[in-house]
Amino acid sequence: MNRIPPLPADWQHALQLDSTATWMDDICSRAADTYATEVVYPPSADLWNAFELCPFEKVRVVVLGQDPYHGPGQAHGLAFSVPRGVIEPPSLRNILKEFASDTGRTPPPTGDLTAWAREGVLLLNTSLTVRAGAAASHSDGRWDPFVHRVLEVLNTEARPIAFWLWGAHAQKRGSILNNPRHLVLRSAHPSPLGAYRGFWGSKPFSTTAEWFKTQGADGPNWSADLPTFDL
């Protein structure tokens, strides 16, 4: 059986995943079985990459997508991101184009969004895995309890958090977000079709930057790899 690494301890604590959380054991057991019988992306070692790179207490923006890229070498545990050196898929290219249009800045030189994650951006999909070559193949509800718990706990936080719900899957999962302390932005998915149905011109970067200012809080301070939200 393919070993599933443990979720980082800080997230386990925040989500209250103690010995009584048998539902999480069931999710991990099913994931391990799936890795053992299918070609699954991302690699199991990268399954919790978003949570390892973005500790619970650092979360300032949650970007919620659908499921990982289903092509070889693309998914590495961060929604919409690809490893450095991999050609950007269409959805990611559209995100970077919207970034340039929204901020007036040159888009990042790489599709590896690790720097975003390290600065408090939780790059989360509604399904954490996918079968090779089969988009949405694991969007059957197997990850719903976990994603629901993540959003449920973040929703209760007093600190301001911005949630970007991109596409119908994300908006369905994000329907529980009701804390007035937070910003919830909904738009079409940045896929080639969705981009023309409301993603273009949605201005998530500038809107979020201005909102953090109204909250008297700092938004993500991007690394040299990726420009800053502080417009």
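The model is a predicted one, and its chain contains 9 helices and 6 strands. With a radius of gyration of 17 Å, close to the 17 Å that the globule rule gives for 231 residues, the chain is as compact as a globular protein of that length.

**Overall build**

- Taken along the principal axes, the box filled by the C-alpha atoms of the chain is roughly 50 × 40 × 30 Å.
- Of the 231 residues in the chain, 55% are buried, while the accessible surface of the chain comes to about 10,100 Å², with 51% of that area belonging to carbon and sulfur atoms.
- When contacts between residues at least 6 apart in sequence are considered, 69% of them join residues that are at least 24 apart.

**Helix α4 against helix α9**

- Helix α4, which spans residues 90-103, and helix α9, which spans residues 204-214, have axes that come within 7 Å and cross at roughly 55°, so α4 is oblique to α9.
- On the α4 side the contact is formed by I95, E98, F99, D102 and T103, and these residues meet P204, F205 and S206 on the α9 side.
- Sorted by class, the contact of α4 with α9 consists of 4 nonpolar, 2 polar and 2 charged residues.

**Helix α4 against helix α8**

- Helix α4 also packs with helix α8, which covers residues 192-199, at an angle of about 30° and with the two axes 9 Å apart; because angles under 35 degrees count as roughly parallel, the pair of α4 and α8 falls into that class.
- The residues of α4 that take part are P90, N94, I95 and E98, which meet P192, A195 and F199 of α8.
- By class, the contact of α4 with α8 divides into 5 nonpolar residues, 1 polar residue and 1 charged residue.

- N49 is part of helix α3, a helix made up of residues 49-53.
- The relative accessibility of N49 is 13%, and N49 therefore counts as buried, the cut-off for that class being under 20%.
- Leaving aside residues up to four places away in sequence, N49 touches H76, G77 and L78.

How values were computed: Residues are numbered from 1 along each chain as its sequence is written. This is a predicted model: local features need pLDDT of at least 70, side-chain atom pairs count only at pLDDT 80 or more; totals for chains, interfaces and linings use all residues. Side-chain values use heavy atoms; hydrogens and water are left out. Axes are lines fitted to C-alpha atoms, for helices over the stretch in contact, and angles run from 0 to 180 degrees between N-to-C directions. Helices (H or I, at least four residues) and strands (E, at least two) are DSSP runs, numbered from the N terminus. Angles under 35 degrees count as roughly parallel, over 145 as roughly antiparallel, 65 to 115 as roughly perpendicular and the rest as oblique. Contact means heavy atoms within 4.5 Å. Ala, Val, Leu, Ile, Met, Phe, Trp, Tyr, Cys and Pro count as nonpolar, Asp, Glu, Lys and Arg as charged, and the others, Gly among them, as polar. The radius of gyration is taken over C-alpha atoms; the globule rule is 2.2 Å times the number of residues to the power 0.38. Buried means under 20% relative accessible area, exposed over 50%, partly exposed in between (1.4 Å probe, protein chains only). Accessible areas come from the Shrake-Rupley method with a 1.4 Å probe; for residues, only the protein chains shown count as cover.
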